[in-house]
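Dear colleague,

I am passing this structure on to you, with some notes on what was found in it below. Please have it open while you read.

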Amino acid sequence: MCLEDLNVKGMVRNGRLARPISDAGFGLLRRMIEYKAELRGVEVSFIWRFEPSSRTCSECGQRHDMPLSVRTMKCDCGNVMDRDLNAARNILARGLDTLRPDLKRTHELRQTLGSPKAATMTA
C-alpha cells in the first residue's frame, strides 16, 4: 500500500486530522528508535516536549521570558548566543546528565567495529 492509496497528504491538510496523523508518524519513528537501541544495548532518553530549553541559559541556568520572535539569547551572566544553539546545548547537557555511559560497552563496540568513526557510522 502506498501513500497515494491512503491519501495521507490530503488528510494532513485537513485541519482536524493533521495533528493526529503527524503524531502517529512521530510515534512510529520513536518506536523504531527505541527498538533499534534495544537491539544494540543502547539507552535512549527523551526530553519533555515543553522543556524550556531555548529560554534557559546554557551557562548559568537562568530562565528568561522571551517571545519566539527573539532569536538571540542574552543573559545577565554575559552569555549571548543564537536561541537554537542555546537550546541544542541545553538538550545535550540534559542527555549527558541522564545517560551515564557504560565505558566497558563503549570499549567493546570500538574493538568490534574498529575505529570510533566506524562506530558512529553504524549506530
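Does Glu34 count as buried, partly exposed or exposed? Glu34 counts as partly exposed because its relative accessibility is 33%, where buried means under 20% relative accessible area, exposed over 50%, and partly exposed in between (1.4 Å probe, protein chains only).

Please keep in mind that this is a predicted model, in which local features need pLDDT of at least 70 and side-chain atom pairs count only at pLDDT 80 or more, while totals for chains, interfaces and linings use all residues. Residues are numbered from 1 along each chain as its sequence is written, and side-chain values use heavy atoms, with hydrogens and water left out.

Glu34 forms a salt bridge (a side-chain nitrogen of Lys or Arg within 4 Å of a carboxyl oxygen of Asp or Glu) with Arg30, their closest N and O atoms being 3.1 Å apart. By this rule the count comes to four salt bridges. Another of them joins the side chains of Glu51 and Arg94, at 3.1 Å from N to O; because Glu51 lies in the loop between α3 and β1 and Arg94 in helix α4, this pair ties together parts that are 43 residues apart in sequence. Helices (H or I, at least four residues) and strands (E, at least two) are DSSP runs, numbered from the N terminus.

Helix α4, residues 83–98, also holds Asn86, which counts as buried at 0% relative accessibility. Leaving aside neighbours within four places in sequence, Asn86 is in contact (heavy atoms within 4.5 Å) with residues including Ser53, Cys57 and Met73.

Best wishes
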